Amino acid sequence: MTIPIILASASDIRSKLLNNADINHEVIPANIDEEMIKASLESEGITPRDMADVLAEQKAKKISLKYPDAFVIGSDQVLDFQGQYFSKPKSPECLVEFLVKVSGEDHRLYSSAVIYKGGRPVWRHVGKVTLAIRDLSKEYIRDYVISEWDNIRYCVGGYKIEDKGLRLFDKIEGDYFVILGLPLLELIRFLAVNGALKSDK
């Protein structure tokens, strides 16, 4: 009997990635106060990478305490531009301002995953991708944001590379799944080795 898997996230794309990989799981969002945690971590001077890791851990820990027999996956994504972190855009105006700021520059995305079992962490990984946005005019950026807002408003950085957002970029270095919000290959490796997936041997 395989170990049950719970995704402690409300992210549709993360659940879809798991489904596409034929990983049976239940979705139980942790509903932590992310903004309060981020504000506290930022005041402590934590790096964007470690912020992604801590947020993922908090989600996994909360649900694992209720379901100790399952592998509980917590995951989060943080965008790092010149040492500052950015999350989901609060408004179209904020997103336009952000994309104008990073236009012609590199930034990094950190996608973290932490697995808890029995109320304790048993695995963690933080994937990193470096992306370079083209030198775009403010008019182009504004048109993009207005036309795509309903599709991108819940995305860190305000873009989907699997959609029209790909046209914003000049260069992408790293794992496609990390950009989508989950270090999927590393996650599958852990689950397969630890008896949570159907045997492929």
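Which side chain meets that of Glu34 in a salt bridge? The side chain of Lys38 does, at 3.9 Å from N to O. A salt bridge here is a side-chain nitrogen of Lys or Arg within 4 Å of a carboxyl oxygen of Asp or Glu. The model is predicted, so that local features need pLDDT of at least 70 and side-chain atom pairs count only at pLDDT 80 or more, while totals for chains, interfaces and linings use all residues. Residues are numbered from 1 along each chain as its sequence is written, and side-chain values use heavy atoms, with hydrogens and water left out.

Glu34 and Lys38 both belong to helix α2 (residues 34–43), where they are four residues apart, about one turn of the helix. Helices (H or I, at least four residues) and strands (E, at least two) are DSSP runs numbered from the N terminus. Lys38 counts as buried because its relative accessibility is 4%; buried means under 20% relative accessible area, exposed over 50%, and partly exposed in between, with a 1.4 Å probe and protein chains only.

The whole structure holds ten salt bridges. One of them joins the side chains of Glu148 and Lys164, at 3.4 Å from N to O. This pair links distant parts of the chain, with Glu148 in helix α5 and Lys164 in the loop between α5 and β7, 16 residues apart. Glu148 has a relative accessible area of 9% and is therefore buried. Another salt bridge is formed by Glu173 and Lys171, whose closest N and O atoms are 3.7 Å apart. Glu173 is partly exposed because its relative accessibility is 44%, and Lys171 is likewise partly exposed, at 38%. Salt bridges that share partners also join Glu34, Lys38, Lys59 and Asp76 into one network.

Strand β3 (residues 71–81) contains Ser75. With 0% relative accessibility, Ser75 counts as buried. A polar atom of the Ser75 side chain lies 2.6 Å from the backbone oxygen of Ser112. Such a polar contact is a pair of N or O atoms within 3.5 Å; within protein, one must be able to donate a hydrogen and the other to accept it, and residues adjacent in sequence count only if both atoms are side-chain atoms. Beyond residues up to four places away in sequence, Ser75 touches Arg14, Ala56, Lys59, Ser112, Ala113, Gly181 and Leu182, where contact means heavy atoms within 4.5 Å.

Asp80 also lies in strand β3, and it is buried because its relative accessibility is 6%. The Asp80 side chain reaches the backbone nitrogen of Gly83 at 2.9 Å. Apart from neighbours within four places in sequence, Asp80 is in contact with Pro48, His107, Arg108 and Tyr110. Gln82 is in the loop between β3 and β4, and its phi is near 55 degrees, a positive value in a residue other than glycine. Most residues other than glycine have a negative phi. Gln82 is exposed, since its relative accessible area is 60%.

Pro89 occupies the loop between β4 (84–86) and α4 (92–102). Pro89 is buried, given a relative accessible area of 15%. Although Pro89 and Arg153 are 64 residues apart along the chain, their C-alpha atoms are separated by 6.2 Å. Among the residues in contact with Pro89, leaving aside neighbours within four places in sequence, are Leu95, Trp149, Arg153 and Cys155.

The aromatic residues come next. Five aromatic pairs are found in the whole structure. Tyr159 and Phe169 form an edge-to-face pair, 4.8 Å centre to centre with 80 degrees between the planes. Because Tyr159 lies in the loop between α5 (138–152) and β7 (169–173) and Phe169 in strand β7, the pair ties together parts that are ten residues apart in sequence. Rings of Phe, Tyr and Trp (its six-membered ring) pair if their centres lie within 6.5 Å; planes under 30 degrees apart count as stacked, over 60 as edge-to-face and the rest as tilted. Tyr159 and Phe169 are both buried. Phe71, Trp123 and Phe190 form one aromatic cluster.
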